[in-house]
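Please keep the structure open while reading.

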Amino acid sequence: MRTETVVRAEQDLRRERRLLVSGPPGIGKTALLDALAERAAARGERVLYLCPQPPDHAVPFATVADLLLALPDRRVDLLPLPQRQAATAVLRHDTPPPGGEPDPLAVRLALTAVLHEAGPCLIVVDNAHCTDPASEAALTCLAGLPVDVIGAADTAPQFLDGAPTFTVEPLAADEVAALLAGQHLTARLSGRIHRASGGNPRIALELGRAVAALRSPPHPLDALPVPERVRAMVRRRLDALPAAVRRTLLTAALADRPTPALLRRAASRDVEEDLRLAARDGLAVFGADELGFTAEVLALVLVESSSWADRSAAHRALTHAVTDPVEAARHRALATDDIDAGLAAELEAAADTARARGDRGKAAELGLLAARRTPLGEGSGARPGARTPEGNQPKVRTPQGTSTAHADAVRRFVAAADDAGCAGRADLARRAAAEVLEHSARPGERVGALLAVIDAAGQALDDVDEEFARAGAEAAGDPGLLAAVQLRLAWKANLYGDPVKARGAAARAAALAERARQPGVAVMALTMRARLERVLGEADAEATLERALAAAVPGEPVHVRNQPRFLRVRHDLFDDRLDRARAGLLDLLPVAERSGDAEDLVEVLRGLAETEARAGRCAAALRHAERAVRVTAEAGGSPGPCWYTAAVAEAAGGSFERARAFALRGVRASQDEHDRVFLSRNRHVLGMVHLVTGSAADAVEQLSLVREGERAQQVGDPSLLRWHADLAEAFALAGRNDEASSVIEQYAGTARELGRTSTLAALDRAGAVNLTALGEAARAAALLESAAERFEALGLPLERGRCLWLLSRTRLRQRRRAGARQALVDALDLFAAADAHAWQALVGEALARLDAGGGARGAGEGLTTAEEQLASLVAAGASNREAASRLHLSVKTVETMLTRIYRKLGVQSRAQLAAARAVPHDGRP
């Protein structure tokens, strides 16, 4: 249970003395009551916990009996006779009175007297809806007693009538992922379970266990296995609705984008009351423009538990209610199982329309429906995939010879597979590919279907090893098909951190494609080769990219992210030609949107977000990153890349805490999918956030892992991921000055050779931090001023502002307080103009400390950041070995630093250090 939720509920309870906790089954009401009870008990309060069960509702005074039994010091024997008799009858200590049940007024008076004698306490009633009516009436006495009362129920019982309601909110995606951590599910599946459960903890846990029990994990867009316990829970909620409401919700579940207006047309009546009832019961939310189920599993169980006749009737109603001809064709097909050549042709035309709109997922769905409604010919009445009574496939003669399905059906399955591959819909791609492999003998169609499954897998290419092997075997002897397979092998090798292997596969793909006269594949292969040459730091990268650009096929290309135009703008971003990069990406955005390829759209959005963040247009960066995250979730794509971009945008224009959260999620997702490229990138953001927020040791740990990963991937160009200066700065702040100098020296040479100007400026900035730590503040200040000027010339305001922030610290070391303040003011102005809220907050705090007379942390004592961290640990009682372990230093380094600290502070022992640290240097207590 979230701490902030418990605190808010506790505050409401203290203010009102009574509280009703509400929410759907499984949302966590009991967990909240338990948490509140534990906190009260920890404060020494008496807690009386009641939990009536459904059978208790029919037993008069059952809950009152439980309450009397929960009181440790019952004084029933001291009550007046009528009250004593009523209480003993309730407790079944005596025979029932002549009327069969005790007098209700006597029970209430007895309960009042006993509780008043017991004194202040907290009464917790879980399952309050199971309280019997007699107890409900008796417990109304609680309102006048010195007790706090909290109950969990959907509607307030009498004794909580008028009490404020606290609704338990569903879990966020991160919280569901944490809840499912023990199930070893990938980040993509955790997100899928969050959407399916609507953040309901009990449903999420049940779904997580069911998914974990499968031999192979489902694709995030596949239907999840729903355990019977969840089905039963959902059915109970649905069965409590009137039949008309269920029909309305079934229609909404079958519609693509349900709106109240659409549902009114489909139902031929006013449905607002139906929707209000569904919303009241927590099943749906609706507004003027759209209706949505609070959890996908509600719609799934509703559809599954409905009859074919009801579903068919709803689809027929929707056929006439929708205004989009594409949707009308889909509903017309889903309303019948008939094999119909006319309907198949209509569905194929609808798929073409969806494809032209850029909705490749819808095109794939319609293409599959078209193929399955296609007659096989010769009057068989069968459809592809159907079996004859004898269990054999029906044979159909085509111009190419005998095959198991009509050529039109196979063509439609092939198109559906291609659409699904572009949309990242692995579920649909696998279904279409299975049909193609069963019904087609043509290598081109078979390999194309297998490649569609590979394309739909996104970053999770470990899941399609079998398809890679089969595609290679099917393509043998055909250079064009082999080129397509080799190209995807290059993508896979790059993703898994082997650029040399990837470059070789890309070169083979280009040669094979040129031999087969397939310019489109050749261009993508050359683009991939140029990408890898840049990664490896090879001088030929630009020449190879120019070859690809010259050979590019006119028109809107497929796989925008693998085209030379996109790589050109990526190089512009790496080389800080940001205006050109932004213009190129904005040109590609509508192309990606029309392509219907979700991964294309995400890559363009990611590029825009990173470009805008680097250029200091932070609000735009956040918008593009947010959209990339949303598109990825909707398409069931790999979240590691978009979470990295979200972390970059948040570290600029949002908050460092949110940046850290996104980066941590990105690390886990990349580890799940063995994506070494984005594992390094997410760790870089994580390390940078640790660095600028004062955790140098943690920054060293993360950034050292980045260095190891980049070395393993043989990355030779320092402009692709700018971690080098951050690692050097972290080493400097952690007191590991020799290592800082080594990093700067090692990568400055490479950056100079390749002409990476901004990388050199960043390394100079790190060198200045190292010089400051070594006591050479004058040289450090000059280096920072120079770096700030170069960043200004390059149009990198955030990088310049970071230099000024560090310059303020260095000037404080020089005891130039006015100069330090001016540097902070200039940095704050830069960050404010860029909407760089994370940096604004950081610099604003430093300026406030300076104006308050505190200066930078440790500045008044002349300690470096690393010395400050060590002094704090030792003053708190840490041994040299403990401090070394915490700061990732050797014991010898800690001893040397302690000697410097003692000298600077004028102390001679750990005890004197602790005493000195107990009083601030400005003398304030």
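The sulfur of C618 has its closest cysteine sulfur in C803, 16 Å away, too far for a bond. A disulfide here is a pair of cysteine sulfur atoms within 2.5 Å. The count by this rule is 0 disulfides.

Residues are numbered from 1 along each chain as its sequence is written, and side-chain values use heavy atoms, with hydrogens and water left out.

**Confidence**

pLDDT is the predictor's confidence in each residue, from 0 to 100. Its mean over the protein is 88. A value of 70 or more is reached by 92% of the residues. Residues 378-405 stay under 50. The model still gives this stretch 53 contacts beyond four places in sequence, a contact being heavy atoms within 4.5 Å. Residues 919-925 are also below 50, with 4 contacts beyond near neighbours in sequence. Where pLDDT is low, the predicted coordinates should not be read in detail.

**Overall fold**

The protein has 45 helices and 9 strands. These are DSSP runs numbered from the N terminus: helices are H or I with at least four residues, strands E with at least two. Along the principal axes, the C-alpha atoms fill a box of roughly 105 × 100 × 45 Å. Of the 925 residues, 54% are buried. Among contacts between residues at least 6 apart in sequence, 66% join residues at least 24 apart.

**Surface**

The accessible surface is about 39000 Å², by the Shrake-Rupley method with a 1.4 Å probe. Carbon and sulfur atoms hold 51% of that area.

Where does T759 sit? Its place is in helix α37, residues 757-773. T759 is buried, at 5% relative accessibility. Which residues does T759 contact, leaving aside neighbours within four places in sequence? They are P718, S719, R722 and A751.

Conventions. Predicted model: local features only at pLDDT ≥ 70, side-chain atom pairs only at ≥ 80, totals over all residues. Buried < 20%, exposed > 50% of the residue type's maximum accessible area, 1.4 Å probe, protein only.
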